[in-house]
Each structure stands twice: as C-alpha cells, then as structure tokens.
Amino acid sequence: MISTMGLLQSWGGLGTSIASFIFMWDMIRRYCPPELIRASDKWTRRIRSFFYPFIQISISEFMSNNLKPHDAYAAVEAYLSVHLAKEAKKLRAETVHGGGKLVLSMDEHERVTDEFGGAKIQWISGKIVQRESKYLPEVERKYYKVTFHKKYRDMVTDTYLEHVIKTGKEIQMRNRKRKLYTNGHNKTTWSHIVFEHPATFDSLAMEAEKKREIVDDLLMFRESKDFYARIGKAWKRGYLLYGPPGTGKSTMIAAMANLLDYDVYDLELTSVRDNTELRRLLAETSSKSIIVIEDIDCSLDLTGQRKKKQEKPPEEKTSKTKKEVPRKDTEESGSRVTLSGLLNFIDGLWSACSGERIIVFTTNYVDKLDPALTRRGRMDKHIELSYCSFEGFKVLAKNYLLLDEHPLFEPIEMLMKETKIIPADVAESLMPSSPKEDAGKCLLKLIDALKQAKEMMIKKGKEESADKEVPEMKEDADVLQDMEDSADSLDGFTQN
C-alpha cells in the first residue's frame, strides 16, 4: 500500500514537472524576440543532428512548385508495392493508372525496411494537408520518407535511389496499359483512352521479307540509345507510310506500337492553333511513344508555302484594292501552323525532348508533299504500302479462313498478277457473311471481286485511250480549219 502511494506521488511529481516545462516554454516562445527563437532552433537542430546518426530524404507526390505529379514518387510506390509491401501490416489496394491489375501498396504512416549493400534502409509513408490560401481548399499531399545511417549516404544517394527509381519504372511499364492520345477538336491538351488494337506484324498482309526488314529496323531503334548519344543525334526516327487508301497504313502503326510496347499520340494538325501550341504539345508527349500525323497531305496546305505567290495582273490588283473591305481574320478559326514549324517539330531543337520516339506520317499521295518534309533525317524510312500481292493474300487467308492451301489459290494468283486490288477489299471478300458460308464460298467471292476489278481496269484503260485520242483529233481539225482560212484569205487577196 505504501509502495503504491509512493508510485502515485512520483507520477504526480512527473506530471507537475512536465506541465511546468510546457508553461515555461510557452512563455519563452511568446515573449522572447523572434530572432532569438530562430537562432535557438537553429542551434538545437545542429546539436541534435550531431548526436543523431540518421539522414532522412523525403519524396513528395507532387513537385514543390506546382501540382504536377512527381515521377519519382510513382516509381518508388511501384518499387515498394512489389519488394516491401509483404512486410507491411497496413496495405492499400489500388489499380495502376491505365492498367487493369490490382496492386497492393503501403498505407499511410506505415514503415518497412529494405536492405541494400549491407545497409538497412527504412521507408515511411505519410501524408500532410496544406492550404495555399484561405480562399483555396486544403490540398492533401502524400510522401515517402527514406531513413538511413549517415555512413551510407554516398551509397544511398548515388546507387540505391537510382536502383529504386529504375526498378520502379520497369514495374510500372509491366503493369500499365498503353494509351492512345489525341488533341481532339479545338483542344489544347492531350486526352487519352486505353489502346487495345490487336494488330501485329504477323497479321499484316505483306511480303514476309518486307515485314522482317521493318521489324528489324524498329527493334534496332529501340536498342540504340547509346548509338544515338555517341553520334550526337536525338533518339528518334521518322517513318513515312504511303500508298493508296485501304492498304493498311493505320494497321501498320498499330502493329508498330504493339511490337515496341509504345503509346500512340494521334496528332490532329488542323486543331493546333499555331507553332507555339505545336511545340507545347510535343513537349507534353512522353518517351516510348509514336507520334502520328495521318493523311498529312490533307491536314494542312503545307505544300504551297515554299512556293512564291503568282503575280496578279495590275488591273486585278487595282480592282481588288478598291473592292477590299475589312473582314474577320480567317486565322481565328483555322490553324496557323507553318511548314517551318512542322519541320522544327520533326527534327528541330524541340524534337530532342523526352527521347525514344517515333514520328510517323501517312499519305495517299507522296508526290504532293514538300521534299523538305520527306527527306532523310526527317522521314528516315519510306515504306510503300501498295496493292495486295499473292503472298499478302495468303496471310489474309490464314487469318480469316485458317487456310494454308486450297485449289482456288491458283486462279486467285493468276488474277492478282493481272489486276490490282487493295488488301481492304481482299479482307472484305474473305470475311464470312454468315455461319453457313464456308471457305470455298469466301474464295469464290474474292475471285468475283478480282474479275470485277480487272473489268474496271480494262474499261478505265479504254477511257483513258479515248481521252488521249480526242485532243489529237481536235488538233487535226484545228489545223485543217487554219489551212482553209489561209486559203480563203489568199483567194480574197488574189481577187483584190
């Protein structure tokens, strides 16, 4: 009983001492000059750091100067979710942005320990709530804090953190789903959806040798980071896909993205206001991506900007000056992107940002493009996607009908040598229109389509020949008329 009373008295004395200390500290903070308090805090931290042997590094969810997400935070979160989340007792289940896989990560105020190079490194997850202004709502910012002994400072800052970021980004790439971005109509930023196009190079209706050449070129580019750094060039490559409509240019782009595991940015040039906005959109693209401008010959009038304007007759200039009235600038509703701006977009200084990017142009009429746009160094590889060959047909027959051989292949091969047909028309003929339609009927549909294409080609050839003959006949008639007029004039002169 006596011992219990003594214990209570000792606890009561401790409480009184703590209360007195808090009261005295509050008085000091309240009445001491601020300069003295700041100096005291500074020396207190120095003394504490002298005796405290650990170093702490914080990695915030957002950059310090704005609310832009911090790439390092996401990489650390991915690393901890795989390597250390099993040790944590409080976990948070989430889906990775753009992915469909459930990932476990550390919950708030949880701590785990990692080992690297003989050092024990502790990770702590936390959250702070900040208010930038009384007029703005509170902002919740998460962070990770890494704690380690000061003798491992160089190893952690130079090697360990780099290992964590690199491994975390690799995990992010495995968990993510690729995205298809677009700047849309009258949009100044990128928006995206999940990219799930199933095209592969195996399913492309193209000669095997040509496909192998393109695949080797793409894989070589992906592994050439050191090569591009050595030669002093931006890590990018341009591809020009050209050919008639329906020859698989868009499918080729999807196959390239699936092969390299890259995101796709579908750039709509007509929605870009000017060169400045074009540069900004380029700066917002990520590495490991394909930037696509489809039908570039139709996107903007880029072919005529390098040509001199034709001189107009003086009377036309005068009449135009008199009749000209103030009108709304058409540039307000249209794009002011110039050929120079597009060229800088492809291989200017701004093209070096991010790195590991492929730029793809598609066109149906390659001859319409300005040579400055298609020269090597901008469009490094030109790929012609032309009419369907017999080898391409066999790929489609395998894809659609699961056929390697068939008796009707021989007449189809003969017809393909005599006529031209695009892969889209071949694929449409091979697609069964009902469950009862077997492979033989689909091949017969293709034979009919080839015969019709042959007849159309013959008819078109005859019309072109006739069109050529008409000017010649007209020219002969004009010559005869001139001769008759000359003869009449000569007769009149003789009579006079």
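At roughly what angle do the axes of helix H3 and helix H4 cross, and within what distance do the axes come?

## Helices H3 and H4

In this predicted model, the axes of helix H3 (residues 71-83) and helix H4 (residues 153-175) cross at roughly 80 degrees and come within 7 Å. Angles of 65 to 115 degrees count as roughly perpendicular, so H3 is roughly perpendicular to H4.

On the H3 side, the contact is made by Ala-72, Ala-74, Ala-75, Val-76, Ala-78, Tyr-79, Val-82 and His-83. These meet Tyr-160, His-163, Val-164, Ile-165, Thr-167, Gly-168, Lys-169, Ile-171 and Gln-172 in H4. By class, the residues of this contact are eleven nonpolar, five polar and one charged.

## The seven-stranded sheet

An open sheet is formed by seven strands, in the order E8-E7-E10-E11-E12-E9-E13, with mixed pairing. Its edges are strand E8 (191-194) and strand E13 (381-384), each of which pairs on one side only. From one strand to the next, the twist averages 20 degrees.

Within the sheet, strand E10 (residues 263-266) pairs with strand E11 (residues 289-293) in the parallel sense, over four bridges. Asp-263 has Ser-289 in E11 as its bridge partner.

## The cavity

Rolling a probe the size of a water molecule over the atoms shows where empty space is left. How many cavities of 30 Å³ or more does the structure hold? There is one cavity of that size, and the volume of the largest cavity is about 50 Å³.

Its lining consists of Tyr-73, Arg-92, Met-106, Asp-107, Glu-108, Ser-125, Gly-126, Lys-142, Tyr-143 and Tyr-144. Strand E5 (119-130) and strand E6 (139-149) are the elements that give two or more residues to this lining. The most comes from E6, with three residues. By class, the lining of the largest cavity divides into four nonpolar, two polar and four charged residues.

Methods:
Residues are numbered from 1 along each chain as its sequence is written. This is a predicted model: local features need pLDDT of at least 70, side-chain atom pairs count only at pLDDT 80 or more; totals for chains, interfaces and linings use all residues. Side-chain values use heavy atoms; hydrogens and water are left out. Two strands pair if DSSP finds at least two bridges between them. Axes are lines fitted to C-alpha atoms, for helices over the stretch in contact, and angles run from 0 to 180 degrees between N-to-C directions. Angles under 35 degrees count as roughly parallel, over 145 as roughly antiparallel, 65 to 115 as roughly perpendicular and the rest as oblique. Contact means heavy atoms within 4.5 Å. Ala, Val, Leu, Ile, Met, Phe, Trp, Tyr, Cys and Pro count as nonpolar, Asp, Glu, Lys and Arg as charged, and the others, Gly among them, as polar. On a 1 Å grid over the protein atoms alone, a cavity is a set of points where a 1.4 Å probe fits but cannot get out, and a pocket is an open set with protein on both sides within 12 Å along at least five of seven lines; lining residues have an atom within 4 Å of a point. Grid points are joined across faces, edges and corners, and a volume is the space filled by probe spheres set on the points.
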